[in-house]
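Visitor: Please take me through one part of this protein closely. I would like to see how two neighbouring elements pack.

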Amino acid sequence: MEGAADSDTPVAQRSATDRAAALARLLHRDCTRLLELYKERENFLSHHVPDGERLVALGLCPEALTTAEQVGHVRSALRRCKELLECLITREVEEMGEELEGEYESLRKTVKDRLGHLVHSTAALLENGEGGCPPSPPLQCTEGQDEVDDSFAAKLWTYRVLLELIHWTDSASQTLHLFQSETQGQQQQLL
Amino acid sequence: MKEDRGWFFLRLRTLYTADLIANGETCPEAPELYHVNLAFVCFAFFSDWRNETGWGRSVYKRDEFAENDESKKIGYDIEVLRTEQMTRVHFETIHVMPYKTAYYHWKWTSPIALECTSHSVRLRHHNEHHIGEWTPLYTYNGQDVNAATTAVYPRDKPFMVGSNITFCCIAKRDKVPSSKFVTQISNRTYITNPVPFDKPSDYPSSINLGDPVDCLGSALFIGYPPDDQNLTCVTRDLSSVECHWEQGRNTYLILDRKTVYTLNGRGCTFNNCVHAVTKQETKWTLIAKNPLGVKTLIDTADPTHRVWLKAPSKISHVAFARKVTLSWSWNEEKYTSFQMKCQVNLNGSIYNETFSGVGLSSAVLVNLQPFAKYTAQVACGSLEHFYKWGDWSEIMEFSTKEDIPEAVDVWIQYSETNTSVLWKPLTQEHSHGIIAGYEITIENTKGLSRKKNTGLNNTQLCYNITFGNEKGDRIVTVSAKNSAGLSPPSTIVIPSYPDNEVSISQIYNGFEMTWEEYPNSTCGYVVEWFPTYNNTQCTVEWEKIPECDNDACYTWNQSGIFEAGVSYTVSVYACTDDGPKLLNRSEGYAIEQKPGRVEDLTSTYTGRNLELSWKEVPLNQQKGIILGYKVITLDTDSKMIINTTTTKEHKVNLKLDPGSYTFRVSAFTSGGEGEYATLGRNIAVRSDQVIAATLVGCCSAAIVFIIITVLCYRKRKWVKKLLYPDIPKPKLAGKWITKGIYCTQILTDGYIKCEIQEAHSVEHPAMSENLHGPDPISSNSKHFNQNICESPVDASYCSVEKLITIIENPSYNMTMPELVGAAQMSDLTLEMQDDYLPAPNFVQNNCVVKNAVGYKPQSACHTNV
């Protein structure tokens with residue numbers, strides 16, 4: 001019976017990694033589309049190059065040596081992205097109300113939900129939780145937004161948040177793919 | 001950090017010295033710049049001031065300044081200065097009446113946002129003789145005063161669609177913003193040319209101004225002022241008024257920029273303004289306001305004339321056979337004392353009567369159909385000042401009870417053997433319930449007998465009448481019965497001797513029966529029809545036409561009730577007290593079709609004629625009036641049509657040569673040509689004709705032969721000379737060759753090796769050279785021409801094919817189908833030894849090959865000499 005349980009575990013582990021990697025890829029496509037929709041609405045962004053430092057930085061995380069640690073780092077970044085997206089939604093609802101229900105608003109909600117799933121599923125892949133990153137305090141939406149004092153500045157900030165989403169979902173997709181390959185290789189060696 | 005988008009109220013109180021004016025009146029002591037509103041939204045000063053006494057609330061609009069006597073007005077100069085450089089951007093003189101206590105209102109709109117740079121305003125008294133001193137400046141500082149600020153204005157402000165907006169950039173000191181900011185108006189403020197915003201947007205409309213450091217861009221809310229319309233105020237509960245209106249064009253402004261409403265000064269939300277009814281209040285004013293404008297709607301009416309009742313509740317019913325009583329209640333207390341009228345929607349149609357009363361709560365509907373299902377709804381309105389019908393109640397379903405059936409429709413049918421009484425089944429509309437059965441009573445008109453049968457079930461619709469030995473007409477009465485009772489009796493008189501003597505007229509393509517008025521008709525007319533060739537019992541149909549005076553009463557035309565291709569007999573009867581009187585009868589087809597097949601197609605000879613005959617199509621298969629028959633004659637072998645004939649008779653005569661034929665005969669109507677009957681027939685030559693023709697032929701041949709024989713005998717010398725002339729003997733010249741065939745060797749494969757040798761005369765060197773020179777065929781023979789043939793041992797033949805193989809002629813390589821035997825060769829040798837030269841070129845074959853046709857002069861086996 002013990003042997004059977006051992007043989008089941010890799011399969012479950014592999015399929016969870018598969019699902020997480022697939023979700024990351026899907027989320028990356030969603031985020032890319034979300035930015036497209038936003039730029040369709042805000043034409044002035046087509047020639048705008050954002051400046052300033054990244055919104056999501058992993059300064060407190062130690063250098064990631066293993067792929068599992070990298071997955072932990074990515075998860076921390078995704079969690080921060082999710083918080084930023086929630087702040088973004090709150091701000092846009094405050095400014096435009098909840099009556100608007102176009103493709104952008106619909107996809108915005110989808111991305112938020114899937115981001116939550118991805119954060120949860122990557123946590124399940126890690127044996128040591130954060131993978132080396134100390135747990136960060138919840139983001140306050142007013143944090144670091146002193147300059148976001150009008151609608152135009154809010155749009156620039158939204159643009160940066162969407163770029164962060166694309167960056168970190170792409171990073172998650174690649175890291176999880178690598179993690180999946182390594183996990184698969186290890187299992188084959190064991191067999 | 002968000003700015004307050006409301007109004008800023010800044011008050012400034014300034015006193016200045018009073019001056020005297022020319023007319024001796026005291027000038028207002030000193031205008032006091034009392035109240036300056038700075039509207040960020042439209043960059044406007046709203047400047048209120050007062051004269052020296054008191055604080056009032058009256059505000060005069062600018063266009064009221066010019067009212068009244070111009071000579072009594074007092075003038076004021078107003079000056080607007082901009083930036084720290086105090087550049088005058090506006091100067092204006094206005095005239096107002098010199099009221100002791102008054103507030104004056106003046107407005108000026110700046111083309112740029114007031115935040116862009118400092119704006120100052122001052123005013124002074126001004127008349128023909130004297131110009132007063134300026135009030136102290138009231139200055140609203142721009143954001144460029146604050147050294148730390150860099151920003152774009154306007155931002156996050158609502159603007160009307162179609163606005164041209166000038167943006168300003170407050171840059172850092174000694175920094176010049178992007179090229180879009182074309183004009184510097186202060187030390188740190190630069191402005192753009194006006195930018196048009198022509199489209200409304202649900203989202204803030206953004207503009208990229210191109211300066212990434214200080215003034216990258218701005219976002220504005222582009223929309224419309226309120227456009228609400230059609231305000232209507234009504235009362236629904238008789239104690240409050242609720243007002244409704246339509247929103248009109250979308251303003252594109254939401255949240256704190258969206259339209260706010262007040263009704264008679266009290267705030268409310270869109271389309272939901274409810275106020276208590278007061279007798280004095282008959283005017284309702286709705287003010288719709290957003291940052292871009294105000295719309296005022298007014299509705300004036302007495303609330304008692306605007307009553308819109310709610311729906312009755314708890315609707316119930318008490319149903320009878322032909323009427324129902326509907327009852328309901330009201331949830332509003334004041335309705336019970338209100339004069340109202342109500343209408344009923346019965347089965348989707350408005351009932352033709354309304355009901356009225358104080359606090360009406362019931363209505364009786366009459367003339368309903370017994371044993372029927374109904375739906376009903378009730379709605380009510382004001383009786384005294386009707387405004388509109390109130391809401392419909394919920395739909396209520398009910399069914400009426402059964403009532404006695406209506407009288408059945410009775411008719412008679414005569415056939416050769418029977419007389420029957422028929423009646424039609426009652427429809428649901430006429431049965432008034434479930435028909436349980438029928439009762440029939442048969443009486444002799446002379447009162448001699450009476451027979452009653454009450455046990456007919458509800459499916460029996462026909463009853464046979466037997467006259468027996470009794471004489472006299474019969475009176476038949478039929479009634480239907482249901483749970484409510486018997487229907488009124490339907491009576492018909494059946495004459496013992498029916499009057500069926502009437503001429504039948506043929507009709508074509510549809511029935512339209514017309515008849516003349518029958519004076520003795522007492523109860524109208526009856527049109528009866530049945531299939532002519534399938535008149536079984538109880539198959540008659542009829543229609544009763546009531547008595548009336550116009551021509552339409554004597555015409556009957558029905559389509560769609562007759563089956564196509566079926567012959568009908570249609571009769572018209574007058575309804576009299578003595579029984580039906582036959583007036584008119586016709587037969588025909590409503591719609592004709594292709595007929596059936598002719599029967600018994602036969603043929604007979606009459607001399608050289610062939611007569612085809614057949615029987616007509618059976619009556620029930622004719623399906624129309626037979627217009628004729630079509631006869632097609634075909635050659636049986638080739639299937640070619642030889643002849644086509646049409647005839648109206650049942651036979652046709654055909655003249656045909658001997659041969660094999662197929663005949664097709666079909667009937668046709670106006671509906672088309674029916675199926676054909678087929679008959680095949682061989683027409684043979686007669687034997688006596690054959691014998692006579694043979695004898696004549698033989699005799700003719702014998703006579704011709706005899707004549708030719710006699711002529712040949714008598715001219716035999718001429719014939720011989722013509723056909724067999726004498727042949728002269730050949731003459732030989734010179735020496736000729738000797739030739740022989742030597743077979744010297746027997747080969748292993750069964751052939752004999754032979755040599756044919758010829759010796760040429762020396763008298764023909766040229767020929768020899770010619771042949772032995774370039775001719776490859778002769779190259780092996782050197783001095784002699786030599787052919788070597790191999791022949792099987794058991795046959796003394798030289799195989800020509802073998803010869804072909806040995807002596808290959810590239811240019812005449814023809815096959816040789818026959819073998820040349822050794823004996824023949826000997827003959828040839830002998831023949832050549834004979835000095836005969838048939839041709840002048842001296843060429844001769846040594847290996848001559850013969851076949852059935854004659855010579856083959858270019859055989860591969862030939863050897864030229």
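Guide: Contact here means heavy atoms within 4.5 Å. By that rule, of the contacts in chain A between residues at least 6 apart in sequence, 88% join residues at least 24 apart. This is a predicted model, where local features need pLDDT of at least 70, side-chain atom pairs count only at pLDDT 80 or more, and totals for chains, interfaces and linings use all residues. Residues are numbered from 1 along each chain as its sequence is written, chains are lettered from A and ligands numbered from 1 in the order written, and side-chain values use heavy atoms, without hydrogens and water.

Chain A has four helices and zero strands. Helices are DSSP runs of H or I with at least four residues, strands are runs of E with at least two, and both are numbered from the N terminus.

Now the pair. Helix H2 of chain A spans residues 67–96, and helix H3 of chain A spans residues 103–125. Their axes come within 9 Å and cross at roughly 150 degrees. Axes are lines fitted to C-alpha atoms over the stretch in contact, with angles from 0 to 180 degrees between N-to-C directions. H2(A) and H3(A) are therefore roughly antiparallel (over 145 degrees).

Which residues meet? From H2(A) come, among them, A:Val71, A:Leu78, A:Leu85 and A:Ile89. H3(A) brings residues including A:Tyr104, A:Val111, A:Leu115 and A:Val119. The residues of this contact divide into 13 nonpolar, two polar and seven charged. Nonpolar covers Ala, Val, Leu, Ile, Met, Phe, Trp, Tyr, Cys and Pro; charged covers Asp, Glu, Lys and Arg; the others, Gly among them, are polar.

Methods. Angles under 35 degrees count as roughly parallel, over 145 as roughly antiparallel, 65 to 115 as roughly perpendicular and the rest as oblique.
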